[in-house]
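Grab a pencil and open the viewer.

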Amino acid sequence: MNTKLKILRALSMFVLMSGAGNISVWCRIPGADELLKKIDAAQTLGTDISAQVSFLQVRPVQGTNRYSMEYYRRDADDAFLLIMLAPRVEAGNGYLKTGDSFWMYRRNTRTFQHINRDENIGGTDVKSGDMESKKLSDQFKAKLDSDGKEIISETALGAQKTWKITLIAKVDNVTYPMQVMWVAQETYLVLKVENYSRSGTLMVTQLFPKYMPVQGKYIPSVFYSIDNFEKGNMTVTEISSVNLSKIPDHIFTKPYLESRSK
Amino acid sequence: MNGRIRVLIKPAVRNLVRQYRRNILLALAMALGLCILISASAFSEGITDMMFNKFMSLMCGHVEIAVRENAAVQTDVIRDRHRFEKILRENAEGIKEISESISVWARVLGIAKAEGMVLTGIEPEKANKDRNLFKVYDGSFDEFISDPQSALIYKKRAVNMNVHPGDYIHSRFNNIFGQMEAVKYRVAAVLETESMFQDMAVYVHQSTLKSQLGLKPHETKRIWMYLENPLDALKFAGKIHEKCAPHTALYTGMLSGEKNTEIKCAAAAPHPGFMFTNHLSIVSGSYNAKSKNGVILPDGLSGRYRIGDSVSYTYALKYPNREKSGTTLRLRVEGFYRGIDSQIPLILLSPEVHYAAYYANLPEAPGETIEAYFKPYQEFLAKEWILMRRSSTTDDIIVKYSQLNKKPWKGHAVDVKTMYETGTQILQFQQAIDKLIYIAIIVILFIVLVGLNNTLRMTIHERKTEIGTLRAIGMQRGDVRTLFMLEYMLLACAAAAAGLLFSVLLMAGLSAIPIDGGEIGSMFLNDNRLYFLINIKKIAAFTAGLLIITAIAVFLPARRASKMKPSEALQQYE
């Protein structure tokens with residue numbers, strides 16, 4: 001080949017390769033508000049959803065326990081209903097949220113009790129607040145560094161290109177006031193969340209390796225909650241049999257929950 | 001003393017000694033019965049004393065003021081501690097101590113093992129004065145006093161979690177907002193294990209824990225009072241309960257719009273469930289109780305503002321701090337009302353706005369003058385809190401809170417309770433033991449009654465000749481009866497004295513023996529020993545009971561003996 005052509009070819013290859021390595025220089029890092037809204041848009045259904053949910057709780061000392069439940073959620077008014085199916089000791093118990101009221105139902109006493117959003121579901125590590133439909137943009141904002149800039153960067157999580165953003169709570173009623181979140185650049189799906197306590201201690205790491213598409217939106221079909229406080233504790237959540245049909249109003253009522261618990 | 005009785009005492013004593021074996025056995029039986037009664041009663045008193053004065057007063061004080069925030073949800077926070085402490089100081093007669101109760105359930109992680117425990121805040125200065133209450137097994141109590149990030153932990157839990165003085169424990173708990181918090185403490189000292197209840201406590205500096213829970217200096221979780229006489233708790237609680245009546249939740253501040261100058265207004269929220277009527281009516285716009293930023297203005301301001309206008313309401317805080325001395329509510333005019341005439345305009349916030357703003361940013365008190373303007377309308381306006389009725393038992397407390405859960409009220413609910421309501425089960429336990437003791441009393445006294453009666457019948461039968469002789473030489477019937485009564489009353493007195501002595505020796509002996517009660521049994525032990533608390537009134541009552549029963553048991557046979565004719569009595573001998 002002509003030497004000149006060879007050099008040109010080599011130069012072109014070099015430019016292309018260096019350009020590829022530096023592609024991030026030209027890829028705009030979104031602002032926090034924009035990013036959070038896109039995450040909400042990707043994951044907020046805005047419709048009713050019912051599903052089967054199972055938790056596999058792994059504890060080094062106590063062993064492994066499996067919990068399963070039916071889950072109903074109506075995003076229009078932030079209502080949800082959860083009916084425990086297994087294990088036997090929890091079967092028939094339930095959790096209901098309507099408006100700002102969270103209720104826990106106990107089958108053996110047939111009583112309802114007000115609970116907080118930090119109440120654990122059926123003795124698992126999952127909190128009742130985790131079952132709510134929440135908009136990130138309503139609850140969090142970007143943390144600022146010492147220069148007043150939002151802490152957002154581009155990084156890789158395995159083979160995935162992600163935005164890594166550090167968030168702090170805008171409101172008081174969140175369980176973890178600080179989060180570090182990895183969001184897939186292409187799909188704006190949350191892949192990993194590190195949840196921090198108010199004092200900045202890493203408490204729980206959540207991994208979302210698998211999503212299922214549902215009518216143009218995405219719901220995590222499997223996710224892992226790893227307890228960073230008590231090492232070795234982990235909860236694996238699986239969501240299946242997702243149905244987006246409208247849920248009748250009577251489902252989100254105490255009488256219905258009671259009737260299902262008999 | 002009656003001359004007759006003086007004369008008869010000597011022969012009575014002589015007769016007792018004459019049949020000493022039988023009388024000793026009888027007296028011994030009576031003494032043992034009394035000993036059992038006194039010891040059992042003292043044990044029951046001891047358990048109750050430990051439960052109330054050691055556990056219950058540690059868990060809830062003699063009298064407690066608690067404020068349930070957001071009424072329905074289980075969060076106890078007193079936002080204005082000084083207000084309640086002022087009420088208590090103004091009614092301080094009988095109060096020994098007022099203290100804050102700061103504690104939270106936590107998951108505490110030691111070396112590779114975690115336990116559920118209660119982080120309990122204590123004031124180091126107070127702890128230092130009462131350091132004899134903290135029996136140090138290992139480590140330094142002085143280090144705890146000087147290090148705000150240190151902790152005291154009981155031996156049993158320390159062993160379970162494999163921690164020693166100098167090690168760190170990590171705790172995880174929810175603060176008052178429900179947010180997760182994780183804190184590290186250094187173990188300053190390990191305390192001797194007391195009981196299963198106290199073992200759950202990890203003591204930390206109160207000010208440190210308050211800050212970690214998100215409480216400001218003027219806030220607290222609960223207020224406890226310790227009284228000079230714990231038995232006055234119920235009466236005292238009733239008095240304090242009356243003093244905790246709420247005022248209308250009013251705040252004065254400045255209202256301003258985008259184009260208007262500020263005007264001074266008062267603000268309040270309608271009472272939950274309030275309906276506008278002809279008397280107090282909406283003249284334009286609408287009232288939405290669930291509005292997140294709505295405000296209804298008096299009709300008199302309709303010239304300055306229109307429906308849909310954005311306005312702001314700024315008021316001064318009762319507890320200003322470095323960050324702020326006032327706060328501003330961003331509101332939207334949703335309507336105008338008519339029906340409240342006052343010197344200054346009263347704007348009506350939606351309950352949602354009010355609940356969110358009022359407790360988190362306590363406003364300055366409006367003053368008596370302002371309160372007086374709106375006194376005629378107080379039934380329409382939300383109060384600072386709901387004052388919950390006094391409860392009588394633990395079950396009643398549960399019913400009371402479940403009724404509260406059903407109300408739409410989202411503000412504060414104030415409850416005044418004593419350790420007696422909170423510890424109804426302990427009272428019931430004590431009552432159950434008392435019932436057993438009463439049954440034992442009846443059984444023992446019945447045995448005494450029957451025993452005495454039989455013994456006396458036998459004695460009278462054997463001493464018929466003696467009775468006949470005494471009557472023949474001129475002893476009156478009354479004297480014969482008195483003689484027998486005296487004999488057995490003296491015996492009963494000797495038995496009572498012996499019974500008292502036996503009980504003292506028994507209680508002293510049993511309480512000297514160390515016992516490993518385990519987790520459950522330790523509830524009933526004091527320092528691993530049985531605990532007896534002597535109640536003089538009960539001892540006096542038991543002793544008097546014994547004497548009375550003796551008198552009853554002896555009276556009829558003695559009367560029968562006195563009615564014997566000398567001729568019949570002497571005829572027997574022949």
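Let's start with a rule for angles: those under 35 degrees count as roughly parallel, over 145 as roughly antiparallel, 65 to 115 as roughly perpendicular and the rest as oblique. Before you use it, note that this is a predicted model, where local features need pLDDT of at least 70, side-chain atom pairs count only at pLDDT 80 or more, and totals for chains, interfaces and linings use all residues. Residues are numbered from 1 along each chain as its sequence is written, while chains are lettered from A and ligands numbered from 1 in the order in which they are written.

**Exercise 1. Work out how helices H1 and H15 of chain B pack.**

Step 1: Find the helices. Helices (H or I, at least four residues) and strands (E, at least two) are DSSP runs, numbered from the N terminus. In chain B, H1 covers residues 3-18 and H15 covers residues 477-511.

Step 2: Get the geometry. Axes are lines fitted to C-alpha atoms, for helices over the stretch in contact, and angles run from 0 to 180 degrees between N-to-C directions. Here the angle is about 60° and the axes are 8 Å apart.

Step 3: Apply the opening rule. H1(B) and H15(B) are therefore oblique to each other.

Step 4: List who meets whom. Two residues are in contact if their C-beta atoms, placed from the backbone, lie within 7 Å. On the H1(B) side you'll find, among them, B:Ile5, B:Leu8 and B:Leu16, and on the H15(B) side, among them, B:Leu483, B:Leu486 and B:Leu490.

Step 5: Sort the contact residues. Ala, Val, Leu, Ile, Met, Phe, Trp, Tyr, Cys and Pro count as nonpolar, Asp, Glu, Lys and Arg as charged, and the others, Gly among them, as polar. The contact of H1(B) with H15(B) has 11 nonpolar, two polar and three charged residues.

**Exercise 2. Which loops of chain A hold A:Tyr188 and A:Gln215, and what is their phi?**

Step 1: A:Tyr188 is in the loop between strands S10 (178-184) and S11 (190-196) of chain A. A:Gln215 is in the loop between strands S12 (202-214) and S13 (217-227) of chain A.

Step 2: Phi of A:Tyr188 is positive, about 60°, although the residue is not a glycine. A:Gln215 isn't a glycine either, and its phi is positive too, near 50°.

Step 3: A:Tyr188 counts as partly exposed because it has 19 C-beta neighbours inside 10 Å, whereas A:Gln215, with 10 other C-beta atoms within 10 Å, is exposed.

**Exercise 3. How many residues of each chain are in contact with the other chain?**

Step 1: 18 residues of chain A are in contact with 17 residues of chain B.

Step 2: The chain A side of this contact splits into five nonpolar, eight polar and five charged residues.

Key: A residue is buried if 20 or more other C-beta atoms lie within 10 Å of its own, exposed if 12 or fewer, and partly exposed in between; C-beta atoms are placed from the backbone.
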